[in-house]
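This report covers the confidence, chain folds and chain contact of one model. Please read it beside the structure shown here.

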Amino acid sequence: MTLLDLCQWLYAAPASTALRESDVVFPLIESVHVLAISLIVGTIVTVDLRVGGIILRGEPLTRVTRALLPYTWYGFALMVMTGLPLFAAEAAKLYANPAFRVKLLLLGLAGLNAAFFHRTAQRSLHDWDRRGAASIQARVIAGVSVVLWSGIIVSGRLIAVFHPH
Amino acid sequence: MLLNWLQGTALSTAIRRSDWAVMALEAVHLLGLALLGGAGCITALAALRRAGLHGMSVATLAHGLRSLFGAGLLLMTVSGALIVLSMPFKYYLNSAFRMKMLLLVLAVVATAGLLRMGRGAAPTGRQRGLALLAALLWLAVGFSGRLIGFL
């Protein structure tokens with residue numbers, strides 16, 4: 001079974017068809033999906049800008065990350081829970097959608113970037129609390145994160161543009 | 001008529017005739033939403049918890065995130081106004097758009113009322129009620145915005 005077969009099977013499932021044809025439930029799930037992405041991006045960009053020393057300079061970096069990153073994960077869970085049914089409903093069309101492919105690629109890169117930040121930077125967080133500024137490397141990672149998440153939002157919006165009717 | 005005049009302006013015509021301008025404006029509108037909505041979510045979460053978020057109070061976060069609120073609001077209003085300008089009749093006649101504008105006014109009034117109530121040590125019952133109403137109105141603004149494209 002290829003990936004395309006799987007997408008076609010998902011697309012044809014009764015639940016997917018019902019969701020695809022619903023006038024209220026589909027846009028409602030889309031709206032919650034956008035809300036979840038807002039929560040993820042809002043918390044991540046806040047941490048990124050704090051690493052860059054641009055906002056919340058009076059608050060230690062460890063306090064900002066501990067306060068916000070749990071909500072990033074709640075947002076991530078909500079994004080996946082809403083994203084999966086949205087994908088299933090349109091799976092056969094999304095399979096070849098270039099904007100959807102770019103969005104998944106950027107999501108993967110954002111995940112790798114975040115993992116890289118935690119591996120390399122976690123130990124230095126307390127030093128930065130004392131010095132008030134993060135290393136150049138951490139600032140670059142934070143900047144890359146802002147760019148990647150902006151790209152995820154833009155490519156997500158463009159899915160509709162490449163969507164066949 | 002105002003809508004006729006708006007549609008005849010050079011800016012409206014240029015956006016309408018471009019292959020990518022509305023698409024780009026919609027993407028910018030969504031980027032603004034992520035900043036404004038994200039900052040709003042963080043502030044609302046801090047307001048819900050008596051101790052704030054890890055010792056950061058609503059006031060600290062609202063002040064610290066003011067650049068996110070400002071940037072998000074600017075991106076949303078400018079891109080939104082340009083999108084409407086490009087096709088004023090389409091939006092004027094769209095019932096989801098009308099509903100969104102009505103809800104937007106109500107959400108802004110509720111939020112302004114919340115800000116005017118001032119900040120005591122602990123929120124009163126009325127403040128909590130108004131905060132809940134404002135949050136629901138903002139969610140309804142977002143949902144009716146999504147419905148514009150569905151109609």
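Chain B has an average pLDDT of 91, and 96% of the residues score at least 70; pLDDT is the predictor's confidence in each residue, from 0 to 100. Within chain B, helix 5 has the highest confidence, with 97, and helix 4 (residues 58–64) the lowest, with a mean of 89. The model has an ipTM of 0.91 and a pTM of 0.93.

This is a predicted model, in which local features need pLDDT of at least 70 and side-chain atom pairs count only at pLDDT 80 or more, while totals for chains, interfaces and linings use all residues. Residues are numbered from 1 along each chain as its sequence is written, and chains are lettered from A and ligands numbered from 1 in the order in which they are written.

**Chain A**

Chain A holds 7 helices and 0 strands. Helices (H or I, at least four residues) and strands (E, at least two) are DSSP runs, numbered from the N terminus. The C-alpha atoms of chain A fill a box of roughly 55 × 30 × 25 Å along the principal axes. Of its 165 residues, 32% are buried. Burial counts other C-beta atoms, placed from the backbone, within 10 Å of a residue's own: 20 or more is buried, 12 or fewer exposed, in between partly exposed.

Contacts require C-beta atoms, placed from the backbone, within 7 Å. In chain A, 82% of the contacts with a separation of 6 or more join residues 24 or more positions apart.

**Helix packing**

Helix 3 of chain A crosses helix 7 of chain A in a left-handed sense. The crossing of helix 7 of chain A and helix 3 of chain B is right-handed. A crossing is left-handed if the near helix is turned anticlockwise from the far one by less than a right angle, and right-handed if clockwise.

**Between the chains**

The contact draws 27 residues from chain A and 27 residues from chain B. Helix 3 of chain B gives the largest share of chain B's side, 14 residues. That side has 18 nonpolar, 7 polar and 2 charged residues. Ala, Val, Leu, Ile, Met, Phe, Trp, Tyr, Cys and Pro count as nonpolar, Asp, Glu, Lys and Arg as charged, and the others, Gly among them, as polar.

From helix 7 of chain A, A:Ser150, A:Ile153, A:Val154 and A:Arg157 meet B:Glu26, B:Ala27, B:Leu30, B:Leu31 and B:Ala34 in helix 3 of chain B.

A:Leu56 has a positive phi, near 50°, and is not glycine. A:Leu56 is buried, with 21 other C-beta atoms within 10 Å. B:His54 also has phi near 50°. B:His54 is partly exposed, with 17 other C-beta atoms within 10 Å.

Terms used
Contact = placed C-beta atoms within 7 Å.
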